[in-house]
Amino acid sequence: MNQATVFLVDDDVSVRDSLSLLLSLKGLRTQVFASAESFLDTYRDDWRGCLITDLRMPGMSGLELQQALTERGVTLPVVVLTAHGDVGATRAALKNGAFDFLEKPVDDEVLIDVLMNALRSDAERHAALTAHADTLARIDRLTPREKDVLGLLAEGLQNRDIAVRLGISPRTVEVYKARMMEKLQCRSLADVIRIRLDAREDSAGS
């Protein structure tokens, strides 16, 4: 299920059948659930794609499902599709981070367009997270001194200034710099700065 999938949560079997058929005809992979609870019980962290959910359902509502996903740190884009939309429900869903809010009956092309955008958003987020994790893994392979050189280079210091700061020779700085850039797969100082900023963002967020 780590392929891009549209997860459909709706208590109405006719809606589940019609929407899953429509999506499959458009080439979209789907998995259907009759309740929010069954989706939460089945959900796995490696699932990719987006979620489309009804608003009013027996048991947990669509808004409650959305809140539960937020509390679990689930980042799947959520599209709310309901026949019971109003301004209050729309605001609540969007405030909770819904990707979009659609009212039944919805035009097929509008629905497909929204879902394709949601799938694209999830794919971009996943790619960014993967790239970020790769960056951190490469930085972890650096020695403490190579990390020092990385940080000072990113601050804009020249080799001779780094040498003074670290109490080593400029030639030794060059050696550390070359090893550091090779491990990080950096071809330029701009690459070094980008990697350092990426790592700093992670430290600030943690």
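This is a predicted model: local features need pLDDT of at least 70, side-chain atom pairs count only at pLDDT 80 or more; totals for chains, interfaces and linings use all residues.

Reader: Which way do the residues of β4 point?

Author: Val78, Val80 and Thr82 point one way, while Val79 and Leu81 point the other way. All are buried. Buried means under 20% relative accessible area, exposed over 50%, and partly exposed in between (1.4 Å probe, protein chains only).

Reader: How does β4 pair with β3?

Author: Two strands pair if DSSP finds at least two bridges between them. Strand β3 (residues 48-53) and β4 run parallel, joined by 3 bridges. Leu51 stands opposite Val78 in β4.

Reader: What does the chain cross through from β3 to β4?

Author: The chain passes through helix α3 (residues 62-72), and this β-α-β crossover is right-handed. That is, with the strands pointing away from the viewer, the path from the first strand over the helix to the second runs clockwise.

Reader: How many bridges link β4 and β5?

Author: There are 4 bridges between β4 and strand β5 (residues 100-103), in the parallel sense. Thr82 has Glu103 in β5 as its bridge partner.

Reader: How many disulfides are there?

Author: A disulfide is a pair of cysteine sulfur atoms within 2.5 Å. The count here is 0. Cys50 is buried at 0% relative accessible area, and Cys186 is buried at 11%.

Reader: What conventions apply?

Author: Residues are numbered from 1 along each chain as its sequence is written, and side-chain values use heavy atoms, without hydrogens and water. Local features need pLDDT of at least 70, side-chain atom pairs count only at pLDDT 80 or more, and totals for chains, interfaces and linings use all residues.

Technical notes
Helices (H or I, at least four residues) and strands (E, at least two) are DSSP runs, numbered from the N terminus.
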